[in-house]
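Here are my notebook entries on this chain, in the order I looked things up.

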Amino acid sequence: MKIQIDLPETSTNEIIYSDEYKDILNLSVAKIQEMFKSSGIILFRGFGITHELMQVFAEQFSSRFTRDDDKPLVEPNGFVSSVDIGMHEISPHRENGSSPFSPDAVWFCCTVPAAEGGETLFWDGIQVWQKLSEELRNLFISKKIKFVHKFPADKWKHFLGSDATISDAKRVLDGFNNVKYQIDQEESIYTEYICSSVVQTKYGNQSAFVNDIITGNSNLKGSVNLELESALTFEDGSLIPDAVIEEIEKVMYSLTQEILWQAGDLVMIDNSRFLHGRRAFNDNRRRLFALLSYLNF
């Protein structure tokens, strides 16, 4: 059964309810694919989802999974991670948007919602792009952005697998024409990743402002961060002006939508179209899990 979520008129996401905890694996894969292509985000409610079931369900739609380089894995060699590291607010971002390893879809399931706060927030990048001023649109069409990162061996092996060698890493990185890299004696990899802040959506080929500019700017302030050894600038090395960041934030927060989590919820998000984030909370019982995948349709 398909029911539209009760959200503002600009919302395009959808919700699928279960009657009496029906098996989510009995849902029509083809119908969900069509819904997802149109809406870009689907919430499944009432199916009693666990992180194990989330992966089994996601396998129907995925060609392969990838790992998150920051969040702890539930199983050492698995793909599901816990997202309850800290209880702070998380700014709008594209998952792995500061690297060339950005997945097609982000999956979240909630087994224990926070008593208050902790809602997952999301922004439709198509709407954000349309609402930005013509001046900003022209700026981001004409100028790409650059992320500089240091990836110690344990970090890049999150993406490539625990058995990956430095030769494997070189082969993968050499396949990207927008990545420059250096490797030190400890096999840490320093990358410069250049990309557009405006992407074409996987479905519909529409322009969407989906990137890590807000998160990157709030963390790095346009300069090298000594702890993270990261930086965010325009491609030419110039900083993104504060006034530009402020206009982006104003537009984004006027378009904020939220997921009010219930136990057993599952959400499927198009990472080429939607940014996501989180409200702060203070309930350490909250349990939310994430899975990243490349889609097969």
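**Entry 1: nonpolar cores.** I took a nonpolar core to be a set of buried Ala, Val, Leu, Ile, Met, Phe, Trp, Tyr and Cys residues joined through side-chain atoms within 4.5 Å. Buried means under 20% relative accessible area, exposed over 50%, and partly exposed in between, with a 1.4 Å probe and protein chains only. This is a predicted model, where local features need pLDDT of at least 70 and side-chain atom pairs count only at pLDDT 80 or more, while totals for chains, interfaces and linings use all residues. Residues are numbered from 1 along each chain as its sequence is written, and side-chain values use heavy atoms, with hydrogens and water left out.

Which members of the largest nonpolar core touch the most others? I found Phe140, Phe209 and Ile248, out of 40 residues. Helix H8 (residues 242-254) gives this core its largest share, five residues. Helices (H or I, at least four residues) and strands (E, at least two) are DSSP runs, numbered from the N terminus.

I then listed the partners of Ile248, with contact meaning heavy atoms within 4.5 Å. Not counting residues up to four places away in sequence, Ile248 touches Leu132, Leu136, Phe140, Phe209, Ile213 and Ile214. There is also a second, separate core of 25 residues, with Ile24, Phe44, Ile49 and Ala105 among them.

In helix H2 (residues 51-59), the buried residues are His51, Met54, Phe57 and Ala58. Down the axis of H2 they fall within an arc of 115 degrees, so they line one face of the helix. The buried residues of H2 pack against H1, strand E3 (41-45), E4, E7, strand E16 (265-270) and strand E18 (287-295).

In helix H5 (residues 153-160), I found Trp156, His158 and Phe159 buried. Their arc, seen down the axis of H5, is within 135 degrees, so these residues line one face too. The packing partners of the buried H5 residues are strand E4 (62-66), strand E9 (145-151), helix H6 (166-173) and strand E11 (189-195). Just after H5, Gly161 has a positive phi of about 110 degrees.

**Entry 2: aromatic rings.** My pairing rule takes rings of Phe, Tyr and Trp (its six-membered ring) with centres within 6.5 Å; planes under 30 degrees apart are stacked, over 60 edge-to-face, and the rest tilted. How many aromatic pairs does this rule give? The count is 15.

I looked at Phe36 and Tyr203: the ring centres are 6.1 Å apart and the planes at 80 degrees, so this pair is edge-to-face. Phe36 sits in helix H1 (residues 29-39) and Tyr203 in the loop between strand E12 (198-200) and strand E13 (207-209), 167 residues apart. Both Phe36 and Tyr203 are buried.

Phe101 and Phe176 have ring centres 5.7 Å apart and planes at 85 degrees, so they too are edge-to-face. Phe101 lies in the loop between strand E6 (90-93) and strand E7 (105-112), and Phe176 in the loop between H6 and strand E10 (179-183), 75 residues apart. Phe101 is buried at 15% relative accessibility, whereas Phe176 is partly exposed at 26%.

I also noted one aromatic cluster, formed by Phe36, Phe44, Phe57, Phe61, Trp107, Tyr203 and Phe297.

**Entry 3: cysteines.** I searched the whole structure for disulfides, meaning pairs of cysteine sulfur atoms within 2.5 Å, and found zero. Cys109 is buried at 0% relative accessibility, and Cys110 is buried at 1%.

**Entry 4: loop residues.** Glu95 lies in the loop between E6 and E7 and is buried, at 5% relative accessible area. Its contacts beyond four places in sequence are Asp68, Lys71, Ser102, Pro103, Val106, Asn271, His276 and Leu292.

Most residues other than glycine have a negative phi. Asn96, not a glycine, has a positive phi of about 55 degrees, and Asn96 is buried at 9% relative accessibility. Glu187 also has a positive phi, near 65 degrees; Glu187 is in the loop between E10 and E11 and partly exposed at 33%.

Notes:
The arc is that of the directions from the helix axis to the C-beta atoms.
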